[in-house]
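Hi there,

Here is the structure I promised to pass on. Have a look at it first, and then read my notes below.

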Amino acid sequence: MRRVHLRIRGLVQGVSYRATAREAALKLGVKGWVRNLPNGDVEAVVEGDAATVGRFISWSKRGPEEARVEAVTVTDVGGTERFVGFEVRR
C-alpha cells in the first residue's frame, strides 16, 4: 500500500476538479479524499497499491479538461486513518 498527499496548483477550482478526481479515483480503485484550499489550490490524500496510486498521480497532473494544472507536489505519508471510499471534502 502507498499513501500520498497531493497539492495541485493552477486553475483547479471552479472547473470540477474535485468531482472528476472522485470519478477518477473510483474508476481506478484508490481511496482517500480531495478538497479545495483557501489559496486556490486543491489538496488530496490518496491510498492504494503503488501502481494505481501512480496512475492517479498522472491523472492529477492533467485533471479535467477545463483545468490548467501548473504543478503537483507529491509527498508520501503515513497515517492510521483507513479510508472506505473516496470523498469530496469541504
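Asp76 and Arg2 form a salt bridge, with their closest N and O atoms 2.7 Å apart; the term means a side-chain nitrogen of Lys or Arg within 4 Å of a carboxyl oxygen of Asp or Glu. This pair links distant parts of the chain, since Asp76 sits in strand E4 (residues 68–76) and Arg2 in strand E1, 74 residues apart. Helices (H or I, at least four residues) and strands (E, at least two) are DSSP runs, numbered from the N terminus.

Before going on, please keep in mind that this is a predicted model: local features need pLDDT of at least 70, side-chain atom pairs count only at pLDDT 80 or more, and totals for chains, interfaces and linings use all residues. Residues are numbered from 1 along each chain as its sequence is written, and side-chain values use heavy atoms, with hydrogens and water left out.

Arg2 counts as partly exposed because its relative accessibility is 24%. Buried means under 20% relative accessible area, exposed over 50%, and partly exposed in between (1.4 Å probe, protein chains only).

The whole structure has six salt bridges. Another of them joins Arg3 to Glu47, again with 2.7 Å between the closest N and O atoms. Arg3 is in strand E1 and Glu47 in strand E3, so this pair ties together parts 44 residues apart in sequence. Arg3 is buried at 10% relative accessibility, and Glu47 is buried at 4%. Arg35 pairs with Glu43 at 2.6 Å between the closest N and O atoms; Arg35 is partly exposed at 29% relative accessibility, while Glu43 is buried at 10%. Through shared partners, salt bridges also join Arg3, Glu47 and Arg82 into one network.

What about E3 itself? Seven of its seven residues are buried, so the strand is largely enclosed by the rest of the structure. Val42, Ala44, Val46 and Gly48 point one way from E3, and Glu43, Val45 and Glu47 the other. E1 and E3 run antiparallel and are joined by seven bridges, with Arg7 opposite Glu43. E2 (residues 31–36) also pairs with E3 in the antiparallel sense, over six bridges, and there Trp33 stands opposite Val45. Strands count as paired if DSSP finds at least two bridges between them.

Finally, the largest nonpolar core has 21 residues, and those with the most contacts inside it include Leu6, Tyr17 and Phe56. Such a core is a set of buried Ala, Val, Leu, Ile, Met, Phe, Trp, Tyr and Cys residues joined through side-chain atoms within 4.5 Å.

Best wishes
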